[in-house]
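Here are some notes for a colleague who is opening this structure for the first time. Please keep the display in view while reading the numbered points.

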Amino acid sequence: MQAGAVGPVLTALHDGRVAGAIGPMETMADAAGRARLLPQYFGVLPEHRGRGYGRALWRGAMRWGHEHGAAYQLLQTEVGGASDRLCAAEGLASLGFVNQTDRV
């Protein structure tokens, strides 16, 4: 990131320490040539959840994507997990899910 090879990482601070982050922020053209915001690593430390950091990071990422020409973003979440609940609260619709099992 310091070399400028990838986009920024957005962070949320609590008492001067990182409480959560999303990034690196990147866009890429899809097969039709439309820019899409790539999935980022996204997390808020459990002890800092419920304080609005995730929502602020999410909205900051969406703003960054819009400002950099992204038409859309596809996301993966754990069904019922913290990010899944945030996405639902932000009005995002599910396109379905895949259930993976380990084969022995």
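1. The largest nonpolar core has 11 residues, namely Ala12, Ala19, Ile22, Met25, Leu37, Val44, Tyr53, Leu57, Ala61, Trp64 and Ala70. Such a core is a set of buried Ala, Val, Leu, Ile, Met, Phe, Trp, Tyr and Cys residues joined through side-chain atoms within 4.5 Å, where buried means under 20% relative accessible area with a 1.4 Å probe and protein chains only. Strand E2 (17-23) and helix H1 (53-67) are the elements giving two or more residues to this core, and H1 gives the most, with 4 residues. Helices (H or I, at least four residues) and strands (E, at least two) are DSSP runs, numbered from the N terminus.

2. This is a predicted model, in which local features need pLDDT of at least 70 and side-chain atom pairs count only at pLDDT 80 or more, while totals for chains, interfaces and linings use all residues. Residues are numbered from 1 along each chain as its sequence is written, and side-chain values use heavy atoms, with hydrogens and water left out.

3. Leaving aside residues up to four places away in sequence, Ala70 touches Thr27, Ala35, Arg36, Leu37 and Gly65, a contact being heavy atoms within 4.5 Å.

4. The lining of the largest pocket comprises 19 residues, of which Leu75, Ala93, Ser94, Leu95 and Gly96 lie nearest its centre. A pocket is an open set of points on a 1 Å grid over the protein atoms alone, where a 1.4 Å probe fits, with protein on both sides within 12 Å along at least five of seven lines, and lining residues have an atom within 4 Å of a point. Helix H2 (82-89) supplies the largest share of this lining, 3 residues.

Notes: Buried < 20%, exposed > 50% of the residue type's maximum accessible area, 1.4 Å probe, protein only.
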